[in-house]
Amino acid sequence: MPRPSLTHRAEDGARLGTLLWRFGPGWRMISSAMLGGGIGPREWVLNAQVASGYARMDPVEHMASLGPEGPGVGMMTAAPVERLRVAADGGAEAAATVGLGVPTWAASPEGVPDPGLPAVPQPGRRPPGHAPERGREATRETPGPGDATACLPRPGTVNILVAVPVAFSDAALVNVVMTVTEAKTQALLEAGFPCTGTASDAVCVAVRREGPAEPFGGPRSVWGARIARAVHRAVLDGARDWAERAAE
């Protein structure tokens, strides 16, 4: 995965960050993002911070205006993108920005509003049967200019980008999105947040266009397992960072 660039812009009375990964040609991606969503060749990925309460009716055009030329993926979040967390496992790389101001359960009763911010983690909460950390994942932080260490938690989104150096079949790509989502939820529960995520979470998985296509992407396949561990580590670090700032 290329190292992202970090830029800032003035918008809606705020200084907002934008992360841009320039992959170049030779990549195929699957994404749930409004810009560049679906499956197809993509050359860049954007993760742009937007103001809390974002209400523009042209999000696709807005994200496209922030990215370079050519086909790409554009995700947005109200969380500070400077708090990016990244992790790697066996060649699989994951990058996550984690905002948990409005956490949700996927299957929520009809008519019951989501809780407001700040999201408060529950100490010691772990999914049933989850083993303690083994510390096997390689991790690192990627702070940038204007690191928002002092920012108070705000409404946000969990955006996840994954990259692997191999090709995947279409079916395996769909499968790996499930794996990413499962690993994300495992990490949030382990961090003490009683939720499956937020209602606006987005995911993007980048794979090579050429080469033998991996047929499986589940958590017990070779690459699915590596992706799951990397995503779990990045999201867990991001959720714990959010919790620390929420407690300040």
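Is proline 219 buried, exposed or partly exposed? The views below take this up, then turn to a sheet.

This is a predicted model, in which local features need pLDDT of at least 70, side-chain atom pairs count only at pLDDT 80 or more, and totals for chains, interfaces and linings use all residues. Residues are numbered from 1 along each chain as its sequence is written, and side-chain values use heavy atoms, leaving out hydrogens and water.

**View 1. Proline 219 lies in the loop between β13 (213-214) and α3 (222-246).** Helices (H or I, at least four residues) and strands (E, at least two) are DSSP runs, numbered from the N terminus. Proline 219 counts as partly exposed because its relative accessibility is 30%. Buried means under 20% relative accessible area, exposed over 50%, partly exposed in between (1.4 Å probe, protein chains only).

**View 2. Proline 219 has contacts beyond its sequence neighbours.** Leaving aside residues within four places in sequence, proline 219 is in contact (heavy atoms within 4.5 Å) with Thr179, Glu182, Gly224 and Ala225. Glutamate 182 is 37 residues away in sequence, yet 8.8 Å away in space, C-alpha to C-alpha.

**View 3. Four strands form an open, mixed sheet in the order β1-β2-β5-β6.** Two strands pair if DSSP finds at least two bridges between them. β1 (5-11) and β6 (72-77) are at the edges with a single partner strand each, so one side of each has no neighbour in the sheet.

**View 4. β1 and β2 form a hairpin with two residues between them.** The strands run antiparallel, joined by seven bridges. Serine 5 has leucine 20 in β2 as its bridge partner. In the turn, aspartate 12 has a positive phi of about 55 degrees.
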